[in-house]
Amino acid sequence: MLSRKLFTVGPVNVEQEVLQAMTKPMITHRSKEYKALHQAISEKMKKALDTDMDILMVSGSASVFLEGMIRNGVRSKTLGLTNGSFGDRAIEIAELNGKTVEKVRADWGKAIRADHIKGKVKNDIEAVHWVSNESSTGVLSDSIEIAEEVRRQNPDSLIFVDAVTSAFAVDLNLKALNADAIVFGTQKALALPPGLAMMAVSKRLLEKAKTIPDRGFYTDLLKVKKQNDENYALTTPPVSLMYALDFQLDRMLSEGMQARYRRHKEMADIVEEWAGRKLHGTFPEKGFRSNTISVLNRGVLDFDKFHSSLKSKGYEISNGYGDVKEKTFRIGHMGDTTPAGVKQLLSVMDEILEEKA
């Protein structure tokens, strides 16, 4: 099988030493060894994210907790903010779970701002949810600004943030954000294989969950929390993946989180500068660009042919997504990707553009 270096939106490239960490001997998930592993991961993750919030973990993609936050925190009505495909997905999840969703839509390529929700967080809005870093458009909204506006209008409304492509790559400043659910997974900036969903959860959401019927089983945060307090999982966890997560958290803490955040910004700067010189710039509005996913305007570029050539040279990026699929493409630069690696990718892309010129 041909091996390619992934500069995709996710799953992302996983370093060999991280994969190797998964080869430790198997243990049962009811053993003392597992409890020690679970506890170590929780403590390191809190340190990395600079939070005292409980960190819950279940097998699956982050979507399981996007559903879980709705099922545990909302009896009837939410306010869903969207500026792309994944904001739309969160709204769909809420509606498929029988909730009424008031919708606020920002233009694709634009950030969600406090002004978008002026006068909209009414007393019957139980939760407001949005995506911090919209993967389809490469827009990083200011979640703290949005959260503060939510609290100004309705302090009782819960705050739910999809941080799937921002956590561990952007300083979310969780203490200032003061959200009730921050959801992420292993296959993005943590640079691990997919398979483990995580949520930083507030005491306020857990208290609300006690009053909500029909929380399900797998998505019942109270069940997950009860097991988590004993350093156990609700159901059989991906132990091998957790070995790699524990190893990866050590690497991240050794690098230093602020250094990690600076590295991600540097990679985004490199791609943005290249896109301005070689193509038609990047899609997001200025000042709200993602540091993990660059969404480039493709212009007249035949992306399928270009990408085939790129893959033949051992690299893979991502197509556009959703409503802007045909006019953009995406380069993922998150996790263990380095500025040097990004420059190497762009040099290969230069070669292909010159060949086709």
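Contact here means heavy atoms within 4.5 Å. The structure is a predicted model, in which local features need pLDDT of at least 70 and side-chain atom pairs count only at pLDDT 80 or more, while totals for chains, interfaces and linings use all residues. Residues are numbered from 1 along each chain as its sequence is written, and side-chain values use heavy atoms, with hydrogens and water left out.

With neighbours within four places in sequence left aside, Asp-350 is in contact with Trp-274 and Lys-278. Asp-350 belongs to helix 12, residues 339–356; helices (H or I, at least four residues) and strands (E, at least two) are DSSP runs, numbered from the N terminus. The relative accessible area of Asp-350 is 18%, so the residue is buried (buried means under 20% relative accessible area, exposed over 50%, and partly exposed in between, with a 1.4 Å probe and protein chains only).

Leu-192 is also buried, at a relative accessible area of 0%. This residue sits in the loop between strand 9 (181–185) and strand 10 (196–201). Not counting residues up to four places away in sequence, Leu-192 touches Val-14, Val-18, Thr-186, Gln-187, Leu-241, Ala-244, Leu-245 and Gln-248. Leu-192 and Gly-10 are 182 residues apart in sequence, yet their C-alpha atoms are 9.8 Å apart in space. Gly-10 is in turn joined to Pro-11 by a cis peptide bond, with omega about 0°, and Pro-11 is found in the loop between strand 1 and helix 1 (16–20).

Beyond its neighbours within four places in sequence, Arg-4 is in contact with Asn-13, Lys-311, Gly-314, Tyr-315 and Glu-316.

Turning to helix packing, helix 2 (residues 32–49) and helix 9 (residues 239–255) pack at about 35°, with their axes 10 Å apart. Axes are lines fitted to C-alpha atoms, for helices over the stretch in contact, and angles run from 0 to 180 degrees between N-to-C directions. The residues of this contact divide into 12 nonpolar, 1 polar and 4 charged; Ala, Val, Leu, Ile, Met, Phe, Trp, Tyr, Cys and Pro count as nonpolar, Asp, Glu, Lys and Arg as charged, and the others, Gly among them, as polar.

Aromatic pairs number 5 in the structure. Rings of Phe, Tyr and Trp (its six-membered ring) pair if their centres lie within 6.5 Å; planes under 30 degrees apart count as stacked, over 60 as edge-to-face and the rest as tilted. The rings of Phe-86 and Tyr-321 are stacked, because their centres are 5.1 Å apart and their planes lie at 25°. Phe-86 is in helix 4 (residues 85–96) and Tyr-321 in the loop between strand 13 (318–319) and strand 14 (328–332), so the pair ties together parts 235 residues apart in sequence. Tyr-321 is partly exposed, at a relative accessible area of 29%. Elsewhere, ring pairs link Phe-303, Phe-306 and Phe-329 into a cluster.

Asn-231, which is not a glycine, has a positive phi of about 60°. Asn-231 lies in the loop between helix 8 (221–228) and helix 9 and is buried, at a relative accessible area of 15%.
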